[in-house]
Amino acid sequence: MMVSTKGRYALRIMIDLAENGQNSPVSLKDIAEREDIGIKYLEIIVASLNKNGLLESVRGKNGGYKLNKRPEEYSISSILNAAEGSLAPVACVETDSCENAHCCKTYTLWKELDDVIENFLSSKTLADII
């Protein structure tokens, strides 16, 4: 498993919103400048986070984005999964429906690794990072 740039940036965006968006929405332009992320790439990542219900979009002159919940209510797992899709180390453990699981000598290893990754990332919150 390797977290891509998209996942790493998603986490940085969420941290930025937690630190700067307590009182009002934060514009993508401001996030892009602070985090040194291209605005087009930022738009793609924020769309994924918004689609997965992690952000609230506010329209208008003073619009932007803000968190839907308090930072301690966001697991790192939920943020990375929203950005990356799956964090499974191999495709066969992604859906728990591998037809070869019963005879594959390595399936249990990959499943245990997937569980360790998920448990670790689920145990950490946005507040822990801030």
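**Figure 1. Overview of the protein.** Of the 130 residues in the protein, 35% are buried, where buried means under 20% relative accessible area, exposed over 50% and partly exposed in between, for a 1.4 Å probe and protein chains only. This is a predicted model, in which local features need pLDDT of at least 70 and side-chain atom pairs count only at pLDDT 80 or more, while totals for chains, interfaces and linings use all residues. Residues are numbered from 1 along each chain as its sequence is written, and side-chain values use heavy atoms, with hydrogens and water left out. The secondary structure comes to six helices and two strands, in the order α-α-α-β-β-α-α-α from the N terminus. Helices (H or I, at least four residues) and strands (E, at least two) are DSSP runs, numbered from the N terminus. Along its principal axes, the C-alpha trace spans about 60 × 25 × 20 Å. Among contacts between residues at least 6 apart in sequence, 64% join residues at least 24 apart; a contact means heavy atoms within 4.5 Å.

**Figure 2. Helix H4 and its packing partners.** Take a look at H4, which covers residues 76-84. Its buried residues are Ile76, Ser77, Ile79, Leu80, Ala82 and Ala83. They pack against four helices: H1 (5-20), H3 (39-51), H5 (107-123) and H6 (126-129). Just after H4 comes Gly85, with a positive phi of about 95°.

**Figure 3. Close-up of H4 against H5.** The axes of H4 and H5 lie 6 Å apart, at an angle of about 115°. Axes here are lines fitted to C-alpha atoms, for helices over the stretch in contact, and angles run from 0 to 180 degrees between N-to-C directions. H4 and H5 are therefore roughly perpendicular to each other, on a scale where angles under 35 degrees count as roughly parallel, over 145 as roughly antiparallel, 65 to 115 as roughly perpendicular and the rest as oblique. H4 brings Ile76, Ser77, Leu80 and Asn81 to the contact, and H5 brings Glu118, Leu121 and Ser122. These residues divide into three nonpolar, three polar and one charged. Ala, Val, Leu, Ile, Met, Phe, Trp, Tyr, Cys and Pro count as nonpolar, Asp, Glu, Lys and Arg as charged, and the others, Gly among them, as polar.

**Figure 4. Close-up of H2 against H3.** Helix H2 (residues 28-35) packs on H3 at an angle of about 115°, with the axes 10 Å apart. H2 and H3 are therefore roughly perpendicular to each other. Leu28, Lys29, Ile31 and Ala32 of H2 meet Ile39, Leu42, Glu43 and Val46 of H3. By class, this contact has six nonpolar, no polar and two charged residues.

Figure 5. Glu35 is found in H2 and is buried, with a relative accessible area of 18%. Leaving aside neighbours within four places in sequence, Glu35 is in contact with Arg12 and Asp16. Ser48 is found in H3 and is buried too, at 15% relative accessible area. With neighbours within four places in sequence again left aside, Ser48 touches Lys6 and Ala82.

Figure 6. Strands E1 (residues 55-58) and E2 (residues 64-67) pair in the antiparallel sense over four bridges; strands pair if DSSP finds at least two bridges between them. Glu56 stands opposite Lys66 in E2. Five residues lie between the strands of this hairpin, and Gly60 in the turn has a positive phi of about 110°.
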